[in-house]
Amino acid sequence: MSDRFTLVDAERAVEVPARVAGDRVRLDAAALKDTLGWEVHDGLLCSDAMCVPVADAAALVDEAGVDLEVFARTLDRALAVDVPERAAFLGGSARERAQALASQHAPDFTLPDLEGRPHALSQYRGSKILLVAWASW
Amino acid sequence: MWQVLYEELKGRGFVIIAVALDKSADDARPWIEAARPTYPALIDTGHVLADLYNVVNVPTIFWIDERGRIVRPNDVAFGADTFKSITGLSAAPHRDALRAWVRGEAPALSAEEVRRLQPLPTEADQQARAEFGLGQWLWTQGRVAAAERHFARGGELAPHDFTIRRGTMPMLGVDSMGPQFREMRQAWAAAGHPYYRPLPDTASGSAR
C-alpha cells in the first residue's frame, strides 16, 4: 500500500496504510483491526464490543482493502474525509445520538479541567446538576 | 458568573459543571481564573459535549436530576447580567426557576415537556460535527487551510450551529466578536432566525 491515512475516532488518531484511487479510500484490513479493532468476517463487521451486519460485503472489502465510506456507513457513523490531506474523522451517528437524547438519560462524558484532571458527569450522580456549555468566543 | 448561585445552593445536593467549548485550555483560562469557580470547570476542545447533547450555541444549559435524567433540555441562560445589553436576556427568570427546583419548591419540566422540547440532531447536524472534528484535528497539526475548508463545510451543512460557525473563528485568526461575526449574526437575523433560542418559559420570564 502506497499511502498512509489518518483516521480520527473519538479524539484518537490512528494511522492506517491505505490505497487511494480518486475519491475512493481503501484501508488495509489487518491494520484496521490492529488500530481501531474492527474486522470483517462471516458477513459481520465486528469489534471486541459489538458486531454489525454488513449489507454488501463485496462493497465493504475486497483484495485492495476496506472501503472507508462503506465502513462508516456500515457503522452508521458520520464521516468527514480529506483525501488530499490523507485524513478522515469518524463522527457520531445521528440515529444513536437522537435515540440517546430522546431517552432523556443525560449522556455521560469525561473531560479535563484546567489542570488536566479528568471529570466524568457520572461522578455527580445523586446531585442535581446545572450543566453549562460556554466559551470564551 | 455562576459562582454566587453555586455558593447559595451547593449545600442542597447541587453541583454546577461548566464546560468550555474552546480551542485550548489557555483560551478559557483567564475567564475561569477570574470567576474562581469551586465547581468543576472543564475544557472541551473537541466539542464532545456539543456532539452528545446537540449543542449549537453558547451558552446552552441543561438541568440533570439525581437519577441522571435531563429535566430541562437545551436552554439559554446566563449566570449574570454582564452581557444583557448585547444578548437581550436577563439572568433572573432562569436563576429563580433553578433555585426553586434545587430547593424542592417547584418541579422541573415533566417528561412529556422534555420530550417535546428536546431538539434531536439530524444527519446533516452530525455530518457538520464530523467536518468540525476533521478540521479541528487538521488545525492541531498546523494544517490551517485544510481545516478552514472543513469548518466552512460544517457551517454550510448546519448554518444554525454557531459552535462551528463562530467557535472556529479563533482557530482561523478571526475576531469572534468582530465584523465577520456581526455580519453573520445580522444575516441570520435577517433570514428570520433568532441567534439565541431560550425555551419558551425562560424567554418569557415565567420559568417555574
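**A close look at chain A**

Reply: Take the contacts in chain A between residues at least 6 apart in sequence: 28% of them join residues at least 24 apart. Two residues are in contact if their C-beta atoms, placed from the backbone, lie within 7 Å.

This is a predicted model: local features need pLDDT of at least 70, side-chain atom pairs count only at pLDDT 80 or more, and totals for chains, interfaces and linings use all residues. Residues are numbered from 1 along each chain as its sequence is written, while chains are lettered from A and ligands numbered from 1 in the order in which they are written.

Chain A holds four helices and 13 strands. Its radius of gyration is 18 Å, well over the 14 Å that the globule rule gives for 137 residues, so chain A is more spread out than a compact globule. That radius is taken over C-alpha atoms, and the rule is 2.2 Å times the number of residues to the power 0.38. Helices (H or I, at least four residues) and strands (E, at least two) are DSSP runs, numbered from the N terminus.

The C-alpha trace spans about 55 × 30 × 25 Å along the principal axes of chain A. Of the 137 residues, 38% count as buried. Buried means 20 or more other C-beta atoms within 10 Å of a residue's own; exposed means 12 or fewer, and partly exposed lies in between, with C-beta atoms placed from the backbone.

β1(A), residues 3–9, runs antiparallel to β2(A), residues 12–21, and seven bridges join them. Two strands pair if DSSP finds at least two bridges between them. A:Phe5 stands opposite A:Val16 in β2(A). Two residues separate the strands of this hairpin, and A:Ala10 takes a positive phi near 50°.

β2(A) also pairs with β3(A), residues 24–27, in the antiparallel sense over four bridges. Here A:Ala18 has A:Leu27 as its bridge partner. This hairpin too has two residues between its strands, and A:Gly22 in the turn has a positive phi of about 65°.

Next, the side that meets chain B. The contact takes 44 residues from chain A and 69 residues from chain B. β13(A) gives the most to chain A's side, with seven residues. That side divides into 28 nonpolar, nine polar and seven charged residues. Ala, Val, Leu, Ile, Met, Phe, Trp, Tyr, Cys and Pro count as nonpolar, Asp, Glu, Lys and Arg as charged, and the others, Gly among them, as polar.

β13(A) also runs antiparallel to β3(B), residues 60–64, with five bridges joining them. A:Ala133 has B:Thr60 in β3(B) as its bridge partner.
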